[in-house]
Amino acid sequence: MKTMDNRALLFVAAHPAQFVVQVVKAFRQNQGLLLAGAIAYYALLSIVPLLILVAIAFSHFVGQQLLLDTLRRLLEWLVPGQSDAIVVELDNFLTHRSVVGWFLVVTMVFFSSLAFTVLENALSIIFVHRVVVRRRHFLLSAILPYLFSLSLGVGVLLVTLVSSSLQAVATDTVTLLGHSVSLTGTTRVVLYLLGVAGEIFVLTAIYLVIPAGRTTPYHALAGAVAAAALWEITRRVLVWYFATLSQVSVVYGSLTTAIVVLFSLEALATLLLFGAQLIAEYERLNYAPGGPAPRPLDTR
C-alpha cells in the first residue's frame with residue numbers, strides 16, 4: 001500500500017496540472033455543483049436548529065453573551081457577512097426559550113442532522129469506489145449525524161472557553177525594553193490562526209468520519225488543507241462582492257439574508273466536495289499504475 005501511495009504521489013508531483021484537470025473533470029461528471037446545492041439547502045434548514053440546541057445546552061455553562069459572541073465569530077467563517085443577522089435571531093429565541101417544548105426539541109434535533117445525512121450521501125457518490133466494496137451499516141449511518149453534531153457542540157464550548165481566556169489576556173500589556181506593548185494585535189492573530197486550524201480540523205474530521213470506507217489521516221489532512229485554503233480566498237471574495245458590487249438586497253428585499261446564506265453555504269459545500277474529490281482521485285491513482293485514474297461514476 002505504501003508503494004502504491006508513493007507511486008500516486010510521484011504522479012501528482014510530476015503532472016500536477018493533469019491531476020487538477022482530472023479532479024475537475026471527475027467533479028463535473030459526479031455533478032458536484034448539484035450535490036453542493038443539495039447540501040447547501042439542507043444545511044440552511046439545519047444551521048438554525050443546530051445553533052439553537054448548542055446555545056440552549058451550553059448557556060448553562062457559560063454566559064449567554066459570551067456564547068453568542070463566540071457563535072458570531074464562528075459563523076463569520078461559515079456565512080461571511082451574515083453572522084450578525086443569524087445571531088440576532090438566535091438571541092431572540094433564547095430570550096423566549098420558555099416556549100420550547102419537548103416536541104420542538106425533537107424536531108430541531110431531527111432537522112439539525114439533515115445536512116450531515118445529505119453530505120454522507122453526496123460523499124458516497126464521490127467515493128463510489130469504496131461504497132461498491134464496503135457499505136456502512138444503516139444503523140451507523142443513522143447515528144453518525146447526531147454524534148457529529150454533538151462533537152461540534154463540544155467544540156463550540158471549547159472555542160468559547162479559549163476565546164474568553166484570550167480576550168482576558170488581550171486587556172493586558174507587556175513591557176519590552178521600557179515600552180508597553182498591547183497584546184490585542186497578538187490575540188487577533190492567535191484567534192485567526194486558531195480559527196484556520198479549527199477549520200482544517202473540522203474538514204479533516206469530515207473526510208475521516210463521514211465517507212464510507214477508510215480515509216487515511218494524511219489524505220484527509222491534505223484534502224482539508226486544500227479546501228480550507230480555497231475557502232479562505234472565497235469567503236473574502238464573497239464579503240467584498242456583497243459589500244461593494246452585489247445588488248441582492250434590491251432584488252430580494254427581505255429575503256436577502258436567506259439568499260446570501262444559501263449562496264455562501266453552496267460555495268462552502270462545493271469546496272468541501274472538491275476537497276473530497278481530490279482525495280478520491282488520489283486514491284484512484286493507486287488503481288491505475290502510472291496513468292490516469294479510472295472514470296468516476298457519471299450521473300449525467
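This is a predicted model: local features need pLDDT of at least 70, side-chain atom pairs count only at pLDDT 80 or more; totals for chains, interfaces and linings use all residues.
**Whole protein**

Start with everything shown as a cartoon. The protein has 13 helices and two strands. Colour by accessibility next: of the 300 residues, 43% are buried. Among contacts between residues at least 6 apart in sequence, 78% join residues at least 24 apart.

**Helix α3 against helix α7**

Select residues 32–58, which are helix α3, together with residues 114–126, which are helix α7. Two packed helices are described by the angle between their axes and the distance between the axes. Here the axes come within 8 Å and cross at roughly 165°. An angle over 145 degrees counts as roughly antiparallel, and α3 and α7 are therefore roughly antiparallel to each other. Their crossing is left-handed.

Now show side chains at the contact. From α3, pick L35, A38, I39, Y42, A43 and S46. From α7, pick L114, A115, V118, L119, A122 and I125. By class, the contact of α3 with α7 has 11 nonpolar residues, one polar residue and no charged residues.

**Helix α3 against helix α13**

The crossing of α3 and α13 is right-handed.

On the α3 side, select G32, L33, L35, A36, G37, I39, A40, Y41, A43 and L44. On the α13 side, select A258, V261, L262, L265, E266, A269, T270 and L273. The contact of α3 with α13 divides into 14 nonpolar residues, three polar and one charged.

**Aromatic rings**

Zoom in on Y41 and Y42: their ring centres are 5.1 Å apart and their planes lie at 80°, so the pair is edge-to-face. Y41 is partly exposed, with a relative accessible area of 45%. Y42 is also partly exposed, at 29%.

Move on to Y241 and F242. This aromatic pair is edge-to-face, with 5.4 Å from centre to centre and 65° between the planes. Y241 is partly exposed, with a relative accessible area of 36%, and F242 is partly exposed at 22%.

**L203**

For the last stop, select L203 in helix α10, residues 184–209. Is L203 buried or exposed? Its relative accessibility is 8%, so L203 counts as buried, the cut-off for buried being under 20%.

Show what surrounds L203. Leaving aside neighbours within four places in sequence, L203 is in contact with A224, A227, A228 and L272. Draw a C-alpha to C-alpha distance from L203 to L272: the separation is 7.6 Å in space, while the two are 69 residues apart in sequence.

Key. Residues are numbered from 1 along each chain as its sequence is written. Side-chain values use heavy atoms; hydrogens and water are left out. Helices (H or I, at least four residues) and strands (E, at least two) are DSSP runs, numbered from the N terminus. Buried means under 20% relative accessible area, exposed over 50%, partly exposed in between (1.4 Å probe, protein chains only). Contact means heavy atoms within 4.5 Å. Axes are lines fitted to C-alpha atoms, for helices over the stretch in contact, and angles run from 0 to 180 degrees between N-to-C directions. Angles under 35 degrees count as roughly parallel, over 145 as roughly antiparallel, 65 to 115 as roughly perpendicular and the rest as oblique. A crossing is left-handed if the near helix is turned anticlockwise from the far one by less than a right angle, and right-handed if clockwise. Ala, Val, Leu, Ile, Met, Phe, Trp, Tyr, Cys and Pro count as nonpolar, Asp, Glu, Lys and Arg as charged, and the others, Gly among them, as polar. Rings of Phe, Tyr and Trp (its six-membered ring) pair if their centres lie within 6.5 Å; planes under 30 degrees apart count as stacked, over 60 as edge-to-face and the rest as tilted.
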